[in-house]
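Below are my notes, point by point, to read alongside the coordinates.

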Amino acid sequence: MLKIGALSLKNRLIMAPMAGITNPPFRQIVRELGAGLTVTEMVSAVGLSRGHQKTFHYLESVAREKPVAVQIFGADPVIMAAAAEKAVSKGADLVDINMGCPARKVIKNGSGGALLRSPSAIERMVTAVRKACTIPLTVKIRAGWSPEEANFLEITDILEDCGVDAVTVHPRFVKQGFSGRADWRIIREIKKRLTIPVIGNGDVSRPEMALEMRKETGCDGVMIGRGALGNPWIFRQILDLEKGIGAQPPDLFERKRIIRLHFSLLSRMMGEYVAAKMMRAQLLWYTKGLPHSSRFRGAFTGIKDINSMMTALNHYFDTLMESEKLSGDNA
Ligand SMILES: Cc1cc2nc3c(=O)[nH]c(=O)nc-3n(C[C@H](O)[C@H](O)[C@H](O)COP(=O)(O)O)c2cc1C
């Protein structure tokens, strides 16, 4: 169990916020498969403050995925405080502030990772948001702007002093983007210094690595991003490893069930057309390494309506299950 402020999570595993991916359908699936907490993709504080309907959609969640954290990004303390209030009023269980995004359109406005270059701006912003936010508040940071500006200890001291309830650390520099490796030693250094919970993040691509991260860094929670793409079962696999049970990959039946569920939740929420587009990327991850998967994905590309997609999906998996059964019978 992990406690973040007044919020008790049922375990220490958190699905990372991912733009374009951690929408309600995906969050529901990883919750079912064991994640203790999920986070919305980053939501623009300016968009919320201007009342943009599209931005408000990002705050929507369903009961089955609770608890949900809403991640906001922005540069202005007053606007960020107002955005946090909106998130609370829409039912968020936790507010998270993005201080790591390296995307140009975010940093050019002084938001996301750009904030790490200005500790005084961080102090002003977090003080304002803390005052406005009546629920647990966390901040997700990187190690600093660049190796020359590796100010993570200064930043995390400020965050703790401002009353943040936990900090998530993705130990790459903003200028690094996603290149190189996450340096878990940075998580350990921060953990040694702070009294609030520290959540480690970065490069946990296999279930065993979550246990390794906790052992190497002493972190209180582990956040997983890319490792859950195509393998939302990673959370259950980690929980099994913690119990001393081997981490089993899902069988074909379970794989098919989750892909179908993902697809139908997406199309219910976004309509067939958008769901089909989104599902193509998901299928690439879900079927990676399976027999004849590239041929199947190629065939899938030309299909635009959901019924034909489901039929193609069923056919592919039924064929795989049949040949698995045959090879089992012949063994
Ligand atoms: C496609 C994609 C979208 C992301 N979107 C966000 C986001 O909206 N907010 C955020 O804080 N981090 C975002 N991240 C970063 C992840 O939350 C995470 O910190 C990073 O991927 C490292 O963890 P991992 O190695 O487990 O993937 C994104 C990463 C990817 C690959």
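1. Pro119, Ile122, Glu123 and Val126 of α6 are in contact with Glu154, Ile155, Ile158 and Leu159 of α7, where contact means heavy atoms within 4.5 Å. By class, the residues of this contact are six nonpolar, no polar and two charged. Here Ala, Val, Leu, Ile, Met, Phe, Trp, Tyr, Cys and Pro count as nonpolar, Asp, Glu, Lys and Arg as charged, and the others, Gly among them, as polar.

2. A word on the source before going further. This is a predicted model, in which local features need pLDDT of at least 70 and side-chain atom pairs count only at pLDDT 80 or more, while totals for chains, interfaces and linings use all residues. Residues are numbered from 1 along each chain as its sequence is written, and side-chain values use heavy atoms, with hydrogens and water left out.

3. How do the axes of α6 and α7 cross? Helix α6 (residues 119-132) and α7 have axes that come within 10 Å and cross at roughly 20°, which makes α6 roughly parallel to α7. Axes are lines fitted to C-alpha atoms, for helices over the stretch in contact, with angles from 0 to 180 degrees between N-to-C directions. Angles under 35 degrees count as roughly parallel, over 145 as roughly antiparallel, 65 to 115 as roughly perpendicular and the rest as oblique. Helices (H or I, at least four residues) and strands (E, at least two) are DSSP runs, numbered from the N terminus.

4. Helix α7 (residues 152-161) also packs with helix α8 (residues 184-193): their axes come within 10 Å and cross at roughly 40°, so the two are oblique to each other. On the α7 side the contact has Phe152, Leu153, Thr156 and Asp157, and on the α8 side Ile186, Glu189, Ile190 and Arg193. This contact has four nonpolar, one polar and three charged residues.

5. Is Asn23 buried or exposed? Asn23, in the loop between β3 (13-15) and α1 (24-32), is buried, with a relative accessible area of 7%. Buried means under 20% relative accessible area, exposed over 50% and partly exposed in between (1.4 Å probe, protein chains only). Not counting residues up to four places away in sequence, Asn23 touches Leu266, Met270 and Met278.

6. Phe173 lies in strand β9 (residues 166-173) and is buried, with a relative accessible area of 13%. Beyond four places in sequence, Phe173 touches Arg142, Ala143, Gly144, Trp145, Ser146, Pro147 and Ala150.

7. Finally, the domains. The protein chain is divided into domain 1 (2-242) and domain 2 (252-329), with bounds from an automatic or database domain assignment. Their centres, taken over C-alpha atoms, are separated by 31 Å. Across the boundary, 15 residues of domain 1 are in contact with 14 residues of domain 2.
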